[in-house]
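Here are some short notes for someone opening this structure for the first time. Please read them with the model in view.

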Amino acid sequence: MTAPRPEIPREPVAGSIAEKDISLTFAKGMAVLKAFDAEHTRLTLPQIARLTGFDRAATRRLVLTLVHLGYVRQQDRLFSLTPRILVLAGGFLQGRQFGKTIQPVMRAFSLRIGETLSLAMLDGQEAVYVAHAGGETERARIGFTIGSRVPLLSTAIGRMLLAAGDATTAAEAIRTAPLEPHTQATTLDRDAIAARVRQIAAAGHALVDGEFEPNVAALAVPVAAGSGEVAALGFSATSQRLGDAAFTQEALATLKDCAGALAGLL
């Protein structure tokens with residue numbers, strides 16, 4: 001699967017920041033960092049140039065600057081991220097006290113249903129995980145960690161974020177966000193997805209079965225973040241487990257209780 005080209009902000013963002021006040025060089029540097037992902041952990045300069053769309057001379061300068069700053073490591077012709085990249089996320093996570101307050105709360109509720117709970121927030125056209133808490137489950141083993149990103153249109157937590165957020169933002173995401181056939185059950189009709197997002201908003205929870213991974217279902221609820229940001233809480237389990245009406249009802253009640261406890265912390 002080809003990684004999407006990292007976006008460089010060129011239009012005014014929320015808050016009406018004029019383009020003349022935006023450093024495009026800095027934006028390009030961030031785009032280079034975003035070129036590294038789960039499928040592209042070690043890249044050559046030509047590969048980075050292809051993924052970002054920048055010419056090779058500009059790519060070389062950007063990458064070598066990141067090497068100089070310690071965010072990228074060079075080994076012969078290959079480049080990779082260094083642990084220093086985590087510093088960029090550390091301020092966000094520590095400032096919100098995810099490890100000190102949010103994850104312990106999530107862990108306590110995860111024990112009720114024996115599943116790892118995940119908290120995600122909206123980031124552009126994707127959902128990004130900002131916290132996980134619970135025991136060792138399939139979610140952890142296949143590589144979903146803090147910072148992992150999942151599509152908005154094919155996942156329960158992604159659709160919940162759209163349903164809980166601004167209607168204009170949701171409509172634009174449904175119209176333009178990447179939509180891939182992850183499984184044979186993935187809904188590829190954007191109008192159908194829009195209808196389901198409206199249903200989710202009315203119901204107050206999202207349940208998606210087999211659209212992102214075969215035989216895996218997911219349940220999610222909104223979290224009313226005090227900061228005004230959009231957040232969603234959920235978990236994944238086998239389709240059979242979430243096909244049990246009694247368990248799903250218990251899990252939904254647990255998620256809603258946890259979301260209520262988290263609302264004052266975010």
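1. Start with Ser-154. Leaving out residues up to four places away in sequence, Ser-154 touches Arg-159, Leu-179, Glu-180, His-182, Thr-186, Val-208, Glu-211 and Phe-212. Contact here means heavy atoms within 4.5 Å. Ser-154 sits in the loop between β5 (149-151) and α7 (156-164). Helices (H or I, at least four residues) and strands (E, at least two) are DSSP runs, numbered from the N terminus. With 1% relative accessibility, Ser-154 counts as buried. The classes are buried under 20% relative accessible area, exposed over 50%, and partly exposed in between (1.4 Å probe, protein chains only).

2. A word on the basis. This is a predicted model, where local features need pLDDT of at least 70 and side-chain atom pairs count only at pLDDT 80 or more, while totals for chains, interfaces and linings use all residues. Residues are numbered from 1 along each chain as its sequence is written, and side-chain values use heavy atoms, with hydrogens and water left out.

3. Next, the largest nonpolar core. It has 28 residues. Such a core is a set of buried Ala, Val, Leu, Ile, Met, Phe, Trp, Tyr and Cys residues joined through side-chain atoms within 4.5 Å. Met-106, Leu-117, Leu-119, Val-223, Leu-233, Phe-235 and Leu-262 have the most contacts inside it. At least two residues each come from α5 (98-113), β3 (117-123), β4 (126-133), β7 (216-224), β8 (230-238) and α11 (245-263). The largest share, 7 residues, comes from α11.

4. Beyond its neighbours within four places in sequence, Val-223 contacts Leu-119, Ala-231, Ala-232, Leu-233, Ala-259, Leu-262, Ala-263 and Leu-266. A second, separate core has 27 residues, including Leu-161, Ala-177, Val-208 and Ala-218.

5. Now a helix pair. Helix α1 (residues 24-35) packs on helix α2 (residues 45-52) at about 110 degrees, with axes 9 Å apart. Axes are lines fitted to C-alpha atoms, for helices over the stretch in contact, and angles run from 0 to 180 degrees between N-to-C directions. The two helices are therefore roughly perpendicular (65 to 115 degrees). Ala-31, Val-32 and Ala-35 of α1 meet Ile-48, Leu-51 and Thr-52 of α2.

6. Finally, two backbone points. Asp-76 is not a glycine, yet has a positive phi of about 60 degrees. Asp-76 lies in the loop between β1 (72-75) and β2 (78-81) and is exposed, at 71% relative accessible area. Asn-215 also has a positive phi, near 60 degrees. Asn-215 is in the loop between β6 (206-209) and β7, and is exposed at 63%.

Methods: Angles under 35 degrees count as roughly parallel, over 145 as roughly antiparallel, 65 to 115 as roughly perpendicular and the rest as oblique.
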